[in-house]
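Work through the following exercises with the sequence and the model at hand. Try each task before you read its solution.

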Amino acid sequence: MAHVEVWLKLNGRSYTTTQLASEFPSASLSKFERDTLNFCRDWLAGKKDFLIETSGSTGEPKKICLTREQMEASARLSAHALNLKPGFNALLALDPNYIAGKMVLVRSLVIGMNTIAVEPVANPFNDIEYGEADFTALVPYQVRTILQDAASTKKLNSLKVLIVGGAALDQHSIAQFQHSACEIFLTYGMTETVSHIALQKISGQQKEDCFTTLPGILLEQDERDCLIIDAMPLGLQLLKTNDVVTLLSKNSFRWLGRWDNVINTGGVKVFPEK
């Protein structure tokens with residue numbers, strides 16, 4: 001299979017796609033560096049199946065197998081929705097052993113983006129230059145830390161696209177994005193859905209108050225008011241979650257909280273996430 005020639009800059013060292021395909025990480029590298037290089041080498045070698053640990057969105061955490069076809073389909077869906085382009089520089093600042101980090105690498109390799117990979121710390125923007133990255137995925141803790149530093153906040157706002165997932169983002173942080181030139185989205189997804197299947201824009205004048213699914217993803221609810229996901233483009237059918245939502249349509253919803261965390265007090269359901 002032919003690959004678009006891109007580069008990966010890993011903690012300051014640069015590798016071309018050709019080098020990545022044959023690179024055998026040495027013991028002198030950090031675990032993050034070895035894991036990143038190993039995944040890229042496996043992907044470029046055409047590996048078909050990947051064993052990944054879930055976070056527990058659909059039940060107890062467990063290891064599941066995702067196929068190359070599913071991951072490629074997810075990468076193309078999100079690239080279309082986020083307007084990611086060949087030649088962009090993607091920042092990997094998440095653990096590549098979990099789905100969010102893996103999919104940053106997959107999007108780069110499938111779409112033809114370059115990758116800048118830095119250790120997944122609270123403020124990864126300390127390790128990049130202003131304007132160096134076009135796209136990244138972060139968790140809320142990283143976003144909150146970045147927003148406490150003026151120089152890092154400027155770097156964040158210089159991105160073209162930022163996605164935030166893994167947990168709910170606080171309203172104070174969201175309020176700071178209203179005038180950002182960067183397009184910023186909350187994501188909804190999990191390992192079982194091969195990363196996000198819905199987005200909510202939280203920056204600029206066209207910010208949204210609900211999640212909207214990617215093309216081809218349909219939604220239902222079960223008797224608990226928990227979300228059921230039908231994602232045929234990803235090869236998934238009627239996937240039950242433990243996320244309680246207000247379903248607005250077959251393609252949009254508002255997330256309320258986790259069914260397993262609900263507190264029923266006097267007949268009123270209280271969601272601690274809110």
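**Exercise 1.** Find the strand in which Ser195 lies, decide whether Ser195 is buried or exposed, and list what Ser195 touches.

*Solution.* Start with the secondary structure, where helices (H or I, at least four residues) and strands (E, at least two) are DSSP runs numbered from the N terminus: Ser195 lies in strand E10, which covers residues 195–201. The model is a predicted one, in which local features need pLDDT of at least 70 and side-chain atom pairs count only at pLDDT 80 or more, while totals for chains, interfaces and linings use all residues. Residues are numbered from 1 along each chain as its sequence is written, and side-chain values use heavy atoms, with hydrogens and water left out.

Next, turn to accessibility, where buried means under 20% relative accessible area, exposed over 50%, and partly exposed in between (1.4 Å probe, protein chains only). Ser195 has 9% relative accessibility and therefore counts as buried.

Finally, look for contacts, meaning heavy atoms within 4.5 Å. If residues up to four places away in sequence are not counted, Ser195 touches Ser74, Ile99, Met103, Arg107, Gly189 and Met190.

**Exercise 2.** Describe the ring pair of Phe211 and Phe253, and explain why the pair ties together parts that are apart in sequence.

*Solution.* Begin with the rule: rings of Phe, Tyr and Trp (its six-membered ring) pair if their centres lie within 6.5 Å, and planes under 30 degrees apart count as stacked, over 60 as edge-to-face and the rest as tilted. The count by this rule is six aromatic pairs. One of them joins Phe211 and Phe253, with 5.2 Å from centre to centre and 20° between the planes, and this pair is stacked. Because Phe211 lies in strand E11 (residues 211–213) and Phe253 in strand E15 (residues 252–258), the pair ties together parts that are 42 residues apart in sequence. Both Phe211 and Phe253 are buried.

**Exercise 3.** Which residues touch the most other members of the largest nonpolar core?

*Solution.* A nonpolar core is a set of buried Ala, Val, Leu, Ile, Met, Phe, Trp, Tyr and Cys residues joined through side-chain atoms within 4.5 Å. The largest such core has 82 residues, and those that touch the most other members are Met71, Leu84, Tyr188, Ile229 and Phe253. Helix H4 (residues 99–111) gives the largest share of this core, namely eight residues. In soluble globular proteins, nonpolar side chains tend to be buried together.

**Exercise 4.** Where are Asn83 and Leu238 placed, and what is the phi of each?

*Solution.* Most residues other than glycine have a negative phi. Asn83, however, has a positive phi near 60°; Asn83 sits in the loop between helix H3 (68–82) and strand E5 (89–92), and is partly exposed with a relative accessible area of 44%. Leu238 also has a positive phi, near 50°, but is found in strand E14 (residues 236–249), and is partly exposed at a relative accessible area of 47%.

**Exercise 5.** How many helices and strands does the chain have, and what share of its residues is buried?

*Solution.* The chain has seven helices and 17 strands. Of its 274 residues, 52% are buried.
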